[in-house]
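Q: Please take me through one part of this structure up close, and then tell me how the rest of the chain looks around it.

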Amino acid sequence: MLFIMLNTLLSCVSDAESSRRITKAVVSTAYCAVEVEGAGVGLCANLSSGNNGFECCFDRAGCLAGSTLKDLIAYNSGNGFVSRSLALAALNAVKADQIKGSSGDIFENISIKKSTKVAMVGYIAPVVRLIVDMGAELSIFERRDISSPLIHSPEEMPEILLSSEVVIVSATSIINDTLEEILGYTSGAEAVVLMGPSTPMAGGDIFAGSGVTWLAGASVADASRAMEIVMEGGGTQALYRAGALNKIIQKVY
């Protein structure tokens, strides 16, 4: 298996890309957004306000605009969820023109029917409702304090993932370094989907051989609108409703 960690993804940034400067960076309750000169805006979920503990301040605040992508990447390791989320958001910005996927709905490309065993790592409310309506047997693993009879204890993850036919993993697993462990339990699944706007959609080659079979992320359709919504604390559904994001899917070979 090729281990997929944040540093692995960031190592794919070229020297030319790493010299580009950050023009704006936003840290909000739901997302981090980074605007890179000559590229655009990239997003990544902000885990710092979840149950993992809120980071009350970010010590590089006021210093990001004008710094290079190389500076931000160098800082990400071991410096908390905010810096890691900013690094992945910057990667998504600078690689935006290299997205190889196509628009579409992931659930039109994978088979889920009544009684299909589906596991979800990271609670994504609209997807939960959709899968339940399909009649699938859904098991969820979530660190946040969300009340649902579908959420199982972390101790049950290996057994449930190993017996699941479809596994959906939030791309925030890249930020908290749990993706490698999760993929270790998905060898029997017919489809393993890495999902959410944090997903590095230009990283399909990196995920080859990892166990991930689909990337289900997003491209930024309206950079200024996306930045505005993130600044005002908006989440995924607000970004889609405003037309700031387009869904993108990519098969991993």
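**A strand between two partners**

A: Let's start with a pairing: A216 has I249 of β10 as its bridge partner. Keep in mind that this is a predicted model, where local features need pLDDT of at least 70 and side-chain atom pairs count only at pLDDT 80 or more, while totals for chains, interfaces and linings use all residues. Numbering runs from 1 along each chain as its sequence is written, and side-chain values use heavy atoms, with hydrogens and water left out.

The strand to look at is β9, residues 214-220. On one side of the story is β10 (residues 245-251), which runs antiparallel to β9 and is joined to it by seven bridges. Then there's β8 (residues 191-195), which pairs with β9 in the parallel sense over three bridges; two strands count as paired if DSSP finds at least two bridges between them.

Zooming out, the chain has ten helices and ten strands, which are DSSP runs numbered from the N terminus (helices: H or I, at least four residues; strands: E, at least two). Its radius of gyration is 17 Å, close to the 18 Å that the globule rule gives for 253 residues, so the chain is as compact as a globular protein of that length. That radius is taken over C-alpha atoms, and the rule is 2.2 Å times the number of residues to the power 0.38. Along the principal axes, the C-alpha atoms fill a box of roughly 50 × 35 × 35 Å. Buried residues make up 50% of the 253.

As for contacts (heavy atoms within 4.5 Å), take those between residues at least 6 apart in sequence: 63% of them join residues at least 24 apart. T68, in the loop between β3 (40-45) and α3 (69-76), gives you a local example. T68 touches S18, S19, R20, R21 and I22, leaving aside residues up to four places away in sequence. T68 is buried at 12% relative accessible area, whereas S19 is partly exposed at 45%.

How values were computed
Buried means under 20% relative accessible area, exposed over 50%, partly exposed in between (1.4 Å probe, protein chains only).
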